[in-house]
Amino acid sequence: MDEKLRKTYLPMTETAFYILLSLIEPRHGYAIIENVTGMTKNRIKLGPGTIYGSLSKMNKDGLIQIIQEESNRKIYQMTETGKEILHLEKTRIEELYRNTRGI
């Protein structure tokens, strides 16, 4: 994996993490917003500027790709690079959690 991508995305912001996690299955922007809101029990509510700015950057960086366009909606899906970044971040978060046990 490109070292620049590692430095850009690791550690991930919570917003980027949940957007990428939402794209384990194909979704359009509004469906990502709804999914993140549901996963976080309304703790994180993404606005259009945040979601579309993040999707544009992740697409440019090769973490996600547009797999379909219907009407005005673009359907996004995570790429193999995105899966690798998500796995690395998940591993990092698991380490953080393990290190807090016993406190």
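Trainee: How do you know that glutamate 89 and arginine 92 are separated by about one helical turn?
Mentor: In this predicted model, both belong to helix 5 (residues 80–100), and they are 3 residues apart, which means a separation of about one helical turn.

Trainee: What makes the pair of glutamate 89 and arginine 92 a salt bridge?
Mentor: Their side chains meet at 2.7 Å, N to O. The cut-off is within 4 Å for a side-chain nitrogen of Lys or Arg and a carboxyl oxygen of Asp or Glu, so the pair qualifies. As for the background, side chains of opposite charge can pair when their charged atoms come close.

Trainee: Is glutamate 89 buried or exposed, and why?
Mentor: Buried: its relative accessible area is 2%, and buried means under 20%.

Trainee: Why is the contact of lysine 60 with aspartate 61 called a salt bridge?
Mentor: The closest N and O atoms are 4.0 Å apart, and the definition asks for within 4 Å, so the listed pair is counted. Lysine 60 has a relative accessible area of 68%; exposed means over 50%, so lysine 60 is exposed. Lys57, Lys60 and Asp61 are linked in a network of salt bridges.

Trainee: How many salt bridges does a search of the whole structure find?
Mentor: The search finds 7. One of the salt bridges joins arginine 43 to glutamate 14, with the closest N and O atoms 2.4 Å apart. That pair links distant parts of the chain, 29 residues apart: arginine 43 sits in the loop between helix 3 (29–39) and helix 4 (48–60), and glutamate 14 in helix 2 (residues 14–22).

Trainee: Why does arginine 43 count as exposed?
Mentor: Its relative accessibility is 53%, and exposed means over 50%. Glutamate 14, at 38%, counts as partly exposed.

Trainee: What makes threonine 37 buried?
Mentor: Threonine 37, found in helix 3, has 17% relative accessibility; the limit is under 20%, so it counts as buried. Leaving aside residues up to four places away in sequence, threonine 37 touches Asn42, Ile44 and Lys45.

Trainee: Which backbone oxygen does the side chain of threonine 37 reach?
Mentor: The oxygen of isoleucine 33, at 2.9 Å.

Definitions and conventions:
Residues are numbered from 1 along each chain as its sequence is written. This is a predicted model: local features need pLDDT of at least 70, side-chain atom pairs count only at pLDDT 80 or more; totals for chains, interfaces and linings use all residues. Side-chain values use heavy atoms; hydrogens and water are left out. Helices (H or I, at least four residues) and strands (E, at least two) are DSSP runs, numbered from the N terminus. Buried means under 20% relative accessible area, exposed over 50%, partly exposed in between (1.4 Å probe, protein chains only). A polar contact is a pair of N or O atoms within 3.5 Å; within protein, one must be able to donate a hydrogen and the other to accept it, and residues adjacent in sequence count only if both atoms are side-chain atoms. Contact means heavy atoms within 4.5 Å.
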